[in-house]
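Student: Please take a close look at one part of this model, the packing of its helices. I would like the geometry first and then the residues involved.

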Amino acid sequence: MTAPTKPSMAHKLDLDGHNLPPSPAPSSPHTGRRYALATELVYTESNDQYHASSVPIYQSATFKQTSSSAGQEYDYTRSGNPTRTHLERHLAKIMGATRALAVSSGMGALDVITRLLRPGDEVVTGDDLYGGSNRLLTFLATNSGIVVHHVDTTDVAAVTKVLGPKTAMLLLETPTNPLIKIADVPALAAAAHAANPAALVAVDNTMLSPLLLSPLDLGADIVYESGTKYLSGHHDVMAGVIGVRDAALGQRLYFPINTSGCGLSPFDSWLLLRGIKTLGVRMEKQQSNAQRIAEFLESQGFSVRYPGLKSHPQYDLHWSMARGAGAVLSFETGDVRLSERIVESARLWAISVSFGCVNSLISMPCRMSHASIDAKTRAERKMPEDIIRLCVGIEDVDDLIDDLRRALVQAGAVRVTLEGTAALAAAAAGGEEVEAEGAVEGS
């Protein structure tokens with residue numbers, strides 16, 4: 001697959017000098033001043049003829065041309081749409097990208113990125129990978145001749161050992177999901193480029209969003225994420241976004257999007273743009289809630305994984321790169337059945353896959369989001385079957401903690417004393433669990 005050799009008239013330099021498709025509604029052209037990111041999330045300008053404060057939805061599949069040779073800025077929405085271009089320019093601004101692209105889902109974004117690979121290429125990626133990403137890479141390894149190496153990306157030396165001239169892509173997540181492991185993006189990107197200058201470093205930034213991490217500033221070539229999560233924030237749109245530093249790479253990625261027709265629809269583009277404007281205030285509340293909840297669980301004696309806790313083994317590394325800890329955390333109980341009862345006893349915490357929504361979610365990844373990874377592989381990658389993932393929303397944090405405490409008590413996960421509650425010791429969990437389970441069933 002090669003990019004078109006003859007550039008389209010729709011690819012001219014925009015007001016920032018970027019090689020982007022023009023738009024009748026360009027988003028926030030910079031005239032020299034750049035604002036704080038929280039401001040840039042909200043601030044947009046357009047030259048809409050009616051001066052609409054919200055960019056119009058161009059809900060049109062095709063556009064009239066002024067001559068038989070076409071040449072207009074847009075001709076068919078599969079190739080480009082003013083609403084989507086407005087969104088993409090806004091994304092490029094907040095992602096620190098030369099060009100951004102919006103597609104129909106987060107996995108669609110990764111699929112587009114992997115279209116750059118050829119048979120025989122090698123991909124180095126993590127051993128704690130989102131289940132859907134793992135599934136796609138397994139498919140490529142089985143059917144397309146791609147060689148995939150899963151390595152602990154917290155160990156730079158271990159990753160460096162498998163990098164080489166055939167490494168076409170280093171694919172990173174940080175923090176990982178659900179083990180909340182941190183990858184040293186600058187060190188790993190430098191190692192990949194040293195092993196093969198043509199290698200592409202791609203970072204899944206879904207867990208933190210552009211508000212909290214800028215992978216392109218840390219040496220990555222491609223950043224992508226599921227817009228369904230924090231960017232949208234309401235779980236009412238499926239979307240994926242891609243950002244790149246190199247305009248030529250952006251054109252290579254645009255080619256399969258245009259060819260396959262997986263570009264984001266006008267209405268979904270409008271919904272995503274609306275969600276992005278509230279990312280700052282949502283994430284501020286979600287992070288604050290997550291910190292309180294992580295501290296509560298840790299005070300109860302549970303093993304908690306959250307980069308906002310100083311007990312996290314990579315606390316310093318995370319904060320050397322990121323501007324926040326995010327709002328996803330996980331903890332372990334020591335017993336799968338106990339975890340099941342906790343998850344099923346929660347009320348405010350909805351049992352659901354995904355994260356980034358304004359309402360709080362709870363799940364057991366090994367049964368849900370990561371179930372496509374077989375049990376043997378999960379064991380090899382040291383993923384605890386009992387792990388519980390919490391995706392914290394914007395509700396009142398005291399209500400969330402009270403509901404979680406009640407679920408822990410109802411499930412028999414904590415010992416209740418006059419002083420309060422505390423996690424049962426793993427060694428003592430057996431007999432007390434049975435008694436607690438009977439009490440729950442009889443209530």
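Tutor: A crossing of two helices is right-handed if the near helix is turned clockwise from the far one by less than a right angle, and left-handed if it is turned anticlockwise. By that rule, α12 passes α14 in a right-handed crossing. Bear in mind that the model is predicted.

Two packed helices are described by two quantities, the angle between their axes and the distance between those axes. For helix α12 (residues 336–345) and helix α14 (residues 397–411), the angle is about 135° and the axes are 8 Å apart. Angles over 145 degrees count as roughly antiparallel and those from 65 to 115 as roughly perpendicular, with oblique covering what falls between; α12 and α14 are therefore oblique to each other. On the α12 side the contact is made by L338, R341, I342 and S345, and α14 supplies R406, A407, L408, Q410 and A411. Sorted by class, the contact of α12 with α14 has five nonpolar residues, two polar and two charged.

A second pair is formed by helix α3 (residues 106–114) and helix α4 (residues 131–143), whose axes come within 10 Å and cross at roughly 30°. The cut-off for roughly parallel is under 35 degrees, so α3 is roughly parallel to α4. This crossing, too, has a hand: α3 passes α4 in a right-handed manner. In α3 the residues concerned are M107, L110, D111 and T114, and they meet G132, S133, L136 and L140 in α4. The contact of α3 with α4 divides into four nonpolar residues, three polar and one charged.

Helix α4 also contains L137. Buried means under 20% relative accessible area, and L137 is buried because its value is 1%. Apart from neighbours within four places in sequence, L137 touches T125, L129, V148 and L171.

Just after α8 comes G261, with a positive phi of about 80°.

Strand β9 is also a partner of helix α9, whose buried residues pack against β9, α1 (37–42), α2 (82–95) and α10 (279–299). Helix α9 (residues 266–276) has 11 residues, eight of them buried, so α9 is largely enclosed by the rest of the structure. The eight are P266, S269, W270, L271, L272, L273, G275 and I276.

As for the setting of these helices, the protein chain holds 15 helices and 16 strands. Of its 443 residues, 55% count as buried. Among contacts in the chain with a separation of 6 or more, 70% join residues 24 or more positions apart.

Methods:
Residues are numbered from 1 along each chain as its sequence is written. This is a predicted model: local features need pLDDT of at least 70, side-chain atom pairs count only at pLDDT 80 or more; totals for chains, interfaces and linings use all residues. Side-chain values use heavy atoms; hydrogens and water are left out. Axes are lines fitted to C-alpha atoms, for helices over the stretch in contact, and angles run from 0 to 180 degrees between N-to-C directions. Helices (H or I, at least four residues) and strands (E, at least two) are DSSP runs, numbered from the N terminus. Contact means heavy atoms within 4.5 Å. Ala, Val, Leu, Ile, Met, Phe, Trp, Tyr, Cys and Pro count as nonpolar, Asp, Glu, Lys and Arg as charged, and the others, Gly among them, as polar. Buried means under 20% relative accessible area, exposed over 50%, partly exposed in between (1.4 Å probe, protein chains only).
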